Amino acid sequence: MTPTYRKRYKKRRTRKEQLQMRILMILIAVILLGSILGIIHKVKQERAQQTVSDSSWDITDKKYVDQRPELDVELLPVNEYSRPGLALKKVRGIVVHYTANPGTTAIQNRNYFAGLEQSHQTKASSHFVIGLDGEIVQCIPCNEIAYASNNRNSDTIAIECCIPDDTGKFNDSTYQSLIQLTTWLIGRYDLGIEDVIRHYDVTGKNCPKYFVEHESAWEDFHDDLAAYIEKNGVDKE
């Protein structure tokens, strides 16, 4: 191979390698562009879905539920372990909890709170407990704090929900009563759907378990609150 031919061969090879490199770069760019467009499309879809969901929550600006659900008022005795008797001056939210005691009833959980006055085991309580048959037991007046939601005790109403098993999922009777009680409280204190939160949202605790482990179920719950207000609410003046 002569020096001249070798030089031409090397030049052609260099051009071929450059062309291959350009083709490779183009392919990489196309793949990256496709991935980016896919991500953008997914984000737009999620935002669109969220916008639709959030828009339904605006119903609280137009309607409120004025029908109080049936309550079994069984107030705890005033004591430092479950009903301190401290004023709750402004309600800014509603916190949903679960009892973590599968199979127990609303009154059993209420009595557990009452028994803390003697046992001194811990400080705990809730304004309401919803049972497996949908019964609602009120333990603490809504103008007093409950020992339920840590640093949000001072401005929230707490609702404990009984569970049939370890999944933490509420049965239909409990769920429907939770919707009725929550929507009534939303109207009573002029709150929005977004003001209904989980214990998890305050402290990171796995409570209520099913709503923490199944985010879509929690979102569905908010949508069900809005739908209930839409159907059963009265117009705000």
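Phe221 is buried, with a relative accessible area of 0%. Here buried means under 20% relative accessible area, exposed means over 50%, and partly exposed lies in between (1.4 Å probe, protein chains only). The model is predicted, so local features need pLDDT of at least 70 and side-chain atom pairs count only at pLDDT 80 or more, while totals for chains, interfaces and linings use all residues. Residues are numbered from 1 along each chain as its sequence is written, and side-chain values use heavy atoms, with hydrogens and water left out.

The ring pairs come next. Rings of Phe, Tyr and Trp (its six-membered ring) pair if their centres lie within 6.5 Å; planes under 30 degrees apart count as stacked, over 60 as edge-to-face and the rest as tilted. By this rule there are 6 aromatic pairs. In one of them, the ring centres of Tyr112 and Phe113 are 5.9 Å apart and the planes stand at 55°, so the pair is tilted. Tyr112 is partly exposed, at 37% relative accessible area. Phe113 is buried, at 6%. Tyr175 and Phe221 form an edge-to-face pair, because their planes stand at 65° with the ring centres 5.8 Å apart. This pair links distant parts of the chain, 46 residues apart: Tyr175 belongs to helix α3 (residues 172-188) and Phe221 to helix α6 (residues 215-232). Helices (H or I, at least four residues) and strands (E, at least two) are DSSP runs, numbered from the N terminus. Tyr175 is buried, with a relative accessible area of 15%. Ring pairs also join Phe170, Tyr175, Phe211, Trp218 and Phe221 into a cluster.

Helix α3 has 17 residues. From its first C-alpha to its last, α3 reaches 24 Å, close to the expected 24 Å. The expected span is 1.5 Å times one less than the number of residues. Among the buried residues of α3 are Thr174, Tyr175, Leu178, Leu181, Leu185 and Ile186. An α-helix has 3.6 residues a turn, so residues three or four places apart point the same way. Asn171 caps the N-terminal end of α3, with a side-chain oxygen 3.1 Å from the backbone nitrogen of Ser173. Such a polar contact is a pair of N or O atoms within 3.5 Å; within protein, one must be able to donate a hydrogen and the other to accept it, and residues adjacent in sequence count only if both atoms are side-chain atoms. Just after α3, Asp190 takes a positive phi of about 55°.

Thr60 lies in the loop between α1 (3-57) and β1 (63-64). Thr60 counts as buried, at 7% relative accessibility. Leaving aside neighbours within four places in sequence, Thr60 is in contact (heavy atoms within 4.5 Å) with residues including Ile186, Leu191 and Ile229.

The sheet is considered next. An open sheet is formed by 6 strands in the order β2-β5-β4-β6-β3-β7, with mixed pairing. The edge strands, β2 (72-73) and β7 (196-198), each pair on one side only. Two strands pair if DSSP finds at least two bridges between them. β3 and β6 pair in the parallel sense over 6 bridges, and Gly93 has Thr156 of β6 as its bridge partner. β4 and β6 also pair in the parallel sense, over 3 bridges. In β6, Glu160 is the bridge partner of Val129, and Ile159 is that of Phe128.

Strand β6 is largely enclosed by the rest of the structure, because 6 of its 6 residues are buried. Thr156, Ala158 and Glu160 point one way from β6, whereas Ile157, Ile159 and Cys161 point the other way.

α2 lies across β4, β5 and β6, at about 150° to β4. Axes are lines fitted to C-alpha atoms, for helices over the stretch in contact, and angles run from 0 to 180 degrees between N-to-C directions. α6 packs on the sheet too, touching β3 (93-98) and β7, and its direction makes about 160° with that of β7. The buried residues of α2 include Phe113, Ala114 and Leu116.

His127 sits in the loop between α2 (106-119) and β4 (128-130). His127 counts as buried, at 1% relative accessibility. Its side chain reaches the backbone oxygen of Glu144 at 2.6 Å. The C-alpha atoms of His127 and Glu160 are 8.0 Å apart, although 33 residues separate them along the chain.
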